[in-house]
Structure formats: C-alpha cells, structure tokens
Amino acid sequence: MPELAQVVVDVPTMQTNQPYTYQIPPTLEKQIQVGVRVIVPFGNGRRTVQGFVVGIDQETKYEGKLKPIQAIMDLQPVISSELMELSKWLADSTYSFWISCLYTMLPSLLKAKTARIIRIIDEVDEHVAFDIFHGKDELEMTDVQDNPKILSELLKLQKAGKIAIEYQVEDRAHAKTVTGIRPRLNFEQLEDERISLHSNAHAQNRLISYLQSLNGQTVKFKEAQRITGLKPATFNQGQKKGWLEKVPIEVYRQPLDMQGTPDDQHLAAPLTLNADQEAAVNKINHAIDDHASQVFLLQGVTGSGKTEVYLQSIANALKQGKTALMLVPEISLTPQIVNRVRRRFGSKVAVLHSSLSNGERYDEWRRIERGEAQVVVGARSAIFAPLKNIGLIVLDEEHESSYKQDESPRYHAREVAKWRGKYNHAPVVLGSATPSLESRARAVKNVYHLLRLPHRVNQQILPPINIVDMRDEVKKHGESNFSQTLLGELADRLQKGEQSILMLNRRGFSSFMMCRDCGAVLKCPNCDISLTLHMDTRTMKCHYCGHEEPIPHECPNCHSRQIRYYGTGTEKVEQELHQLLPGARIIRMDVDTTRRKGMHAKLLRQFGHHQADILLGTQMIAKGLDFPNVTLVGVLNADTGLGLPDFRASERTFDLLSQVSGRAGRANKQGKVIIQTYNPDHYAIQDAKEHNYEKFFKQEMMLRRQAGYPPYYYTVRLMASHPEEAKAAGAMAKIYEQLKNGLSSSTIILGPTPRAIARMKRRYYYQIVIKYKKDPHLHQLLFDILQNTQSRGFKDVQVSIDPDPQYFM
Ligand code: ADP
Ligand code: ZN
Ligand code: ZN
C-alpha cells in the first residue's frame with residue numbers, strides 16, 4: 001500500500017485549514033515524517049509551494065489523481081508532535097489558518113527561504129566524503145533535496161550523528177565566526193616535516209604532534225593555544241610552512257545582554273524561603289512531582305519574592321529531569337530578570353526575546369531543540385519553545401496585555417501555557433501583584449489554586465502613596481508638568497544622593513500642534529490621529545504608522561504663523577526638568593531612546609551604577625526593575641489611560657500605578673510615591689493609593705457584571721478594513737447579517753460601528769463586538785465567516801476575528 005501525506009500548504013490567497021493529500025514517491029518514503037517541510041506542486045500550472053506534513057495515511061477519499069511530493073526541506077521534523085497537536089488547537093481556538101499557526105511556532109530563520117546547510121560533524125567514510133560531499137565538509141540542501149538516493153543516505157548519516165543540518169541567514173556574513181585551525185597535512189606528511197626540523201625547535205615539534213593528534217579536525221584557535229600552551233607565533237610559523245590553515249568556525253551567537261554571565265561552577269545558591277514562599281513552593285513542587293496539570297495563581301505584592309518562588313520551583317522541575325519555561329512580558333524582560341535566572345541555572349538557560357537578531361534567536365531555539373538548554377526565559381512567543389518533557393510553566397505578570405498577540409494567530413500565551421501544561425501533565429504558575437480580573441475570578445471559583453505572598457520580603461512596608469490634585473495645582477501655580485510637592489521631593493532626593501523614577505505615559509515633545517487662528521490640527525495623512533512633535537529628530541511623527549514630516553512653519557490650512565503645541569511628552573518633560581533642577585542627571589527611556597539594539601540594557605546599567613539621578617520614562621520603566629537606591633517614584637499623569645473608550649481602562653490604570661509604585665523603596669531605605677492626577681477621586685486611583693487590590697477587584701467586578709463584560713461574558717471582536725470607507729462598512733454589514741441569523745438570542749452583537757481610531761495606515765476600520773455566555777453556533781459560524789473572507793466577494797477587504805480581545809480601540 002503506497003503511503004500518502006497530508007500537507008498544509010502555504011498559499012496566501014487561498015488559505016484553508018484543510019490539508020491536501022499528496023503521494024509520497026517510493027524513494028522518499030522513509031524520509032517523510034510528520035513535522036517536516038516539503039515542496040509540493042499546487043494548482044494547475046507548474047507552481048510549487050512550501051507546506052508542512054501534518055499526517056501520513058494509507059488511503060484518501062479524494063478521487064482524482066494525486067500529485068507526488070516534489071522535495072523534502074528538512075532532514076528531521078521542525079515541528080514536534082506536541083507542537084503539531086498544539087497548532088491544530090491554536091488554529092481552532094483563535095480562528096486562524098493552520099499554516100500561520102505552524103509558522104508562528106518557528107523562529108523566523110525557519111520561515112523564510114533560508115539556506116539549509118548540511119555539515120559533516122563526525123568522521124564519514126570515503127564514499128560519502130567524495131561522492132556526496134565532493135571533498136568539502138558541507139553542502140547545500142537545495143543541491144540534494146530532489147535526489148532521493150542521496151537523501152536516504154543523508155538521513156542515515158544524520159541518525160548516526162555524523163552530519164547535522166543548519167539553517168542559515170542568506171547573507172552568511174551574519175553568521176558569527178571565530179578563527180579555527182585545521183591541519184593541512186596527514187599524519188605521515190607531518191612526520192616527514194618533523195624530520196627536517198632543527199633539533200632544538202621544541203615548540204614546532206610540539207605543534208606537529210598536536211596537529212597529528214587532531215586527526216584532520218578543525219579546532220578553535222584559542223582552544224588550541226590553551227591546550228598546547230604554544231604561542232600564536234608558533235602557529236603562524238606552522239601556517240607559513242603549510243602545516244595548518246586558518247578557517248572560520250561558526251559559533252553560537254551569544255546575545256549581548258547575556259555576556260559575562262557566570263560559569264556553571266559559580267552559580268548563586270537559592271535563598272532561604274520565608275514561610276509564605278515556602279508554602280507556595282511546596283504546593284507547586286507537589287504538583288510537579290505528581291504530574292498534575294494544576295494552574296496556580298500566585299498573588300504577591302511587588303517585592304514579595306515571587307521570582308524566588310519561580311526559581312526554586314524550576315529547580316525542582318530540573319531535579320526531576322524535566323524542563324521549565326518562564327515567560328515574562330517583553331517590557332519587563334530586562335537584563336535584571338534574565339541575569340537572575342542565569343545566575344541560578346547558568347548554561348542551562350536559553351533566552352528568547354524580540355531584541356535578539358534572527359540568528360541569535362535561531363541559535364537559542366536550536367539549543368532548546370537539542371536539549372542543551374532546559375530552562376527557557378522569554379517573552380510571549382517563547383511559549384512555543386521546542387522544549388520536551390516540560391515540568392513547569394511560569395507566567396510572570398500574568399495580567400499583562402502583551403501576552404496576547406495582536407495579529408493572526410491572536411493567541412493568549414496564558415491559554416497556550418495551560419494547553420502545554422495539560423499536554424505535559426505539568427503545573428502552570430500565573431504570577432502577579434494585580435491579577436487580571438479573569439484569573440482572579442477563576443481562583444475564586446477554585447478553577448485556579450490561589451497562592452498568596454501578602455508581605456514584602458524583609459517586612460518592608462509598601463511605600464506610602466501621595467495623591468496630588470493637579471486641578472488645585474494649576475489654579476495656584478499655573479500650568480506645569482510638576483506639582484510643588486513632586487518638585488520638592490525630587491530636590492530632596494538629589495540632595496541625599498538617592499535616586500528617583502518618573503513615569504509619563506507619552507513619548508515625544510508635544511502631543512499635537514494646533515493653529516491658533518483657524519483651529520486646524522496637524523494630522524497624519526494615513527491615520528485618524530494627530531502628529532506628535534519630536535525635537536530630537538526635528539520632525540512631526542505618527543505613533544501609529546511611523547509617518548514623519550518636517551515641522552511646519554505655518555498652518556497648512558490658513559497659512560497663519562500662530563502655531564501652538566499642546567500636550568506633553570517625555571522629551572518636553574526632560575527639558576523642563578533640566579530647567580527646574582539644573583544639577584540633576586537624567587536618563588530618558590522611551591521607544592525613541594531605546595530603539596538601537598542594546599540601548600535598553602545600557603541605560604538601565606547606567607542608572608544602576610548611579611550615573612544618573614532620575615530615570616524618566618514611559619510605562620516601559622514601570623515593571624520588573626529593582627534598584628535599591630530608588631526611594632521616590634513619581635507618576636506625572638495618572639489619567640492618560642482612564643479616559644480611553646475601553647472597559648479595561650480602570651484595570652490598566654490600577655495595574656500600572658501598583659506596578660510603578662512597587663519600584664520605590666525595595667531595599668532597606670523607605671520609599672515614597674507621588675501620583676499627579678486630575679481625577680483624584682477615581683476608585684482606580686484611590687484603591688491603588690491604599691494598595692488595596694481586594695477592594696478594587698470587588699468594585700470592578702460589580703461594574704463588569706452590570707455592563708456585561710468579562711469575566712461575566714466572553715467577547716469576540718470582528719474587524720473589517722479597506723482603503724475605501726464604504727467597502728469596509730459594507731463588508732461588516734454583510735457579516736452582521738450572517739451573525740444575526742445564526743447566533744442565539746441571548747448573544748449580544750454590538751455594532752457595526754467605526755473603530756475608535758477609524759482610519760489607520762490608509763485603511764478604514766469597522767468593527768463588531770460579540771458578547772456571549774454560551775452559544776453553540778458561534779464557533780462554526782465564525783469559521784464560516786473566516787473561510788468566506790478568502791472568497792472573491794471580499795477582494796482587498798481584510799477581516800480579523802479576535803477572541804477575547806485585549807483592546808477595543
Ligand atoms: P517580586 O518578584 O515579588 O517583585 P522579588 O522576587 O524580586 O519579588 O524579591 C524582591 C527582593 O527580595 C529581591 O531582591 C530578592 O532577591 C529578595 N528576596 C526574595 N526572597 C527572599 C528571601 N527568601 N530571603 C531574602 N531575600 C529575598
Ligand atoms: Zn490655521
Ligand atoms: Zn499614521
């Protein structure tokens with residue numbers, strides 16, 4: 001019986017979740033496994049496309065003539081059986097196409113058309129060396145992927161560990177190399193050289209013996225010097241005499257912020273846990289030992305030692321011979337947290353985050369895949385790390401909205417974590433000082449097991465929070481970004497040599513430009529949003545699409561020269577601070593100052609070494625930072641988030657204020673927090689002031705129940721966009737009809753309405769929000785809609801389906 005392969009193909013204009021059946025040519029029979037990528041013919045023409053083998057069958061229902069797989073791209077599966085299962089569930093639960101889920105799980109080097117190099121890593125026999133590799137030690141997969149005979153030999157060699165396949169950036173200059181040396185002569189030839197040596201040429205004598213011992217292998221130059229104790233000059237003489245040659249060796253790139261981590265002999269010892277930590281660790285360890293896929297919600301105030309709980313639980317998973325995955329939000333994936341994990345687990349740790357280059361990311365992925373790294377720390381997409389035998393998954397700051405991907409597949413890392421926990425029979429720990437309402441509600445219902453760390457380590461009290469009413473300030477002292485109180489405290493810290501953190505949730509200099517004569521506001525030509533003035537680049541920028549234009553000298557509408565800038569941003573505040581506190585050294589940290597690779601880490605390092613008195617930044621400074629000398633935290637505008645048309649606005653404000661407050665007084669010095677606001681009586685601000693999560697939770701739950709929002713209802717958002725407004729609206733109207741006819745009467749459909757920012761990147765957006773408790777038809781209906789969007793009627797209309805959306809703007 002001939003074998004058949006189920007292949008999910010990559011055809012952007014004709015996406016479907018249905019795999020296609022292909023013949024496996026007899027010559028490829030042994031090589032085709034589930035999880036490898038293949039090249040298959042598609043459609044009528046000669047076109048070929050890439051696809052993933054997702055199943056192997058004996059028979060098919062398809063009646064027509066089957067086409068054969070043309071070539072195989074990988075020698076071994078790039079998608080493990082666990083991730084294959086996961087991809088199916090992901091496509092189903094996020095209303096996405098299977099192919100995009102498969103790609104999402106791979107490092108980008110494996111998505112693009114990457115060079116695939118097959119390299120000899122161990123001794124092979126002459127036939128292989130000459131007939132297949134033509135005397136070289138590597139060859140390109142493209143040259144052999146159509147040749148089943150060679151492929152089957154390669155497969156055997158790979159299984160025997162004699163060759164390895166590597167995926168490289170097209171531009172090989174990107175691959176990081178060090179100098180290696182390799183003998184150019186064989187044993188006997190080297191022996192002949194030795195005879196002609198001067199009797200006192202001891203060093204060269206030793207070099208010859210060393211080269212003979214290499215048996216033709218390449219070694220790192222540094223390594224060779226270390227082992228032999230010979231000087232580089234000796235090797236250089238050997239090179240001149242033709243005994244050896246220098247060759248580049250590719251090495252794993254070590255991400256910048258991980259250099260200088262300790263070797264495995266000098267790891268940090270675990271701390272002695274306090275009673276609360278110990279209780280939490282015990283519960284988690286039991287679950288690890290019992291292979292129980294229990295979900296824990298670890299709720300602990302900032303500085304209560306949650307991270308130590310994670311680290312000791314991870315240690316237990318490792319002790320059981322298992323692996324562990326720890327996710328942190330991108331924004332708090334600072335060198336501080338990474339280093340804490342590296343100091344504890346050394347070379348067992350792999351780090352995955354967005355500021356790694358594609359090459360670095362791939363190197364880390366490969367270390368995980370080969371089982372060389374057993375602990376993975378990373379941001380959202382690290383949840384797809386190819387770890388095997390997972391014993392524990394940790395999600396720190398579980399309430400963070402960045403755990404949800406805002407493009408297809410719109411998955412939430414928390415849900416994927418739970419899926420992998422189940423699959424691996426491993427517990428999942430969700431940690432936060434301010435859990436999302438959804439998670440906390442689940443803990444109340446005992447779906448999650450609640451663990452608490454109610455006190456800060458060392459019994460430090462949480463810093464007192466002062467609320468400054470900016471309405472009074474403006475009346476008394478005129479417009480300023482700084483209240484008298486905050487200025488006074490800042491000056492006091494300067495004098496004492498202590499440090500301060502200031503948060504302002506807007507970057508740039510001024511948030512918009514308005515003409516005083518005609519009222520015109522300078523807007524982005526592509527989006528429905530005003531342009532922000534940036535002084536460092538001397539341009540007006542759009543924060544949505546990146547559009548940039550020169551600062552106008554006159555109003556583009558009435559040509560008046562009476563232009564004024566309103567609103568404030570980090571740049572302007574920095575300038576103001578220089579005037580108000582002339583001696584203060586300030587580090588500004590926002591998207592603009594951290595765009596260059598490594599800058600984020602560098603600025604934090606400078607602040608940590610007290611090379612600045614004030615760290616001024618956007619919300620990227622609110623999380624995860626632990627600087628013992630910081631005793632003052634100021635929030636300049638607590639209100640920016642409150643007015644947004646989003647039911648989570650209060651929750652986000654409460655979270656942010658609680659997080660940023662936690663940056664003060666972390667060591668033995670008492671800290672203080674000052675929050676400036678125009679809404680001093682708002683419950684989110686009042687509850688944050690009292691550090692009272694419980695009170696906030698109750699109040700917010702009540703409001704959610706009244707308004708019918710999560711966690712009382714589930715939500716799905718559908719959005720359609722098109723460069724012409726009528727087309728976007730029309731598409732949404734069609735979808736609305738479909739929904740109205742198909743959904744149960746208890747389900748609520750809001751819209752269609754234009755989105756809050758109706759135009760972005762030259763496209764108009766219309767949306768529908770569905771709220772439901774239980775609707776048996778919804779799932780299938782949404783899939784029908786998804787499939788429909790691939791039809792002609794939806795030409796150029798982009799439709800997205802977002803389950804459990806994090807933003808409604
Ligand atoms: P969280 O993650 O809850 O904000 P951390 O884990 O960062 O808290 O802990 C805050 C500080 O307390 C850190 O400097 C950490 O090293 C220290 N710490 C945590 N647990 C202990 C402990 N059991 N004994 C001593 N110090 C601890
Ligand atoms: Zn004007
Ligand atoms: Zn724009």
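## Ligand 1

An oxygen atom of ligand 1 sits 2.9 Å from an N or O atom in the side chain of R340. This is a predicted model. A second contact runs through the backbone: an N or O atom of the G303 backbone lies 2.8 Å from an oxygen atom of ligand 1. A nitrogen atom of ligand 1 also takes part, at 2.7 Å from a polar backbone atom of T272.

The surroundings of ligand 1 comprise 17 residues. T272, Q277, G303, T307 and R340 are the closest of them.

## The zinc site

Which residues hold the zinc ion (ligand 2)? Its protein donors are the SG atoms of C515, C518, C555 and C558. They lie 2.3 to 2.4 Å from the ion. The site is tetrahedral, with angles of 106 to 112° among the 4 donor atoms.

Along the sequence, the donor residues follow the spacing C-x2-C-x36-C-x2-C. C515 and C555 link distant parts of the chain, 40 residues apart. C515 belongs to strand β21 (residues 512–515). C555 sits in the loop between β24 (548–550) and β25 (563–566). Both C515 and C555 are buried.

## Two nonpolar cores

The largest nonpolar core has 75 residues. Within this core, F52, I79, I383, L718, L739, I770 and L782 touch the most other members. Helix α24 (residues 778–788) supplies the largest share of the core, 6 residues.

Take L718 as an example. Setting aside residues up to four places away in sequence, L718 touches M732, I735, L739, Y766, Q767, I768, I770, L782, I785, S800 and I801. Another core, of 38 residues, lies apart from the largest one. L604, A612, V633 and A638 are among its residues.

## Helix α19

Helix α19 spans residues 599–608. Its residues M599, A601, L603, L604 and F607 are buried. What do the buried residues of α19 pack against? Their partners are helix α12 (335–345) and the strands β20 (499–503), β26 (586–589), β27 (614–617) and β28 (630–635).

Just after α19 comes H610. H610 takes a positive phi of about 55°.

## S483: a buried loop residue

S483 lies in the loop between α16 (470–477) and α17 (484–496). Is S483 buried or exposed? S483 is buried, because its relative accessible area is 0%, under the 20% cut-off.

Two polar contacts involve the side chain of S483. One reaches the backbone nitrogen of L486 at 3.2 Å. The other joins the side chain of S483 to that of Q676 at 2.8 Å. Leaving aside neighbours within four places in sequence, S483 is in contact with V468, M470, E473 and Q676.

## T94: between two helices

T94 is found in the loop between α1 (81–93) and α2 (98–104). T94 counts as buried because its relative accessible area is 5%, under the 20% cut-off.

A polar atom of the T94 side chain lies 2.7 Å from the backbone oxygen of L90. A polar contact of 2.3 Å joins the side chains of T94 and S96. Beyond its neighbours within four places in sequence, T94 is in contact with P409, R410, Y411, I801 and P803. I801 is also one of the residues that L718 touches.

Technical notes. Residues are numbered from 1 along each chain as its sequence is written. Chains are lettered from A and ligands numbered from 1 in the order in which they are written. This is a predicted model: local features need pLDDT of at least 70, side-chain atom pairs count only at pLDDT 80 or more; totals for chains, interfaces and linings use all residues. Side-chain values use heavy atoms; hydrogens and water are left out. Donors are N, O and S atoms within 2.8 Å of the metal (3.2 Å for Na, K and Ca); water is not among the atoms, so sites may look incomplete. Four donors count as tetrahedral if all angles lie between 85 and 135 degrees; four count as square planar and six as octahedral if opposite donors are over 155 degrees apart and all others between 65 and 115; anything else is irregular. Helices (H or I, at least four residues) and strands (E, at least two) are DSSP runs, numbered from the N terminus. Buried means under 20% relative accessible area, exposed over 50%, partly exposed in between (1.4 Å probe, protein chains only). A nonpolar core is a set of buried Ala, Val, Leu, Ile, Met, Phe, Trp, Tyr and Cys residues joined through side-chain atoms within 4.5 Å. Contact means heavy atoms within 4.5 Å. A residue is near a molecule or strand if one of its heavy atoms lies within 4 Å of it. A polar contact is a pair of N or O atoms within 3.5 Å; within protein, one must be able to donate a hydrogen and the other to accept it, and residues adjacent in sequence count only if both atoms are side-chain atoms.
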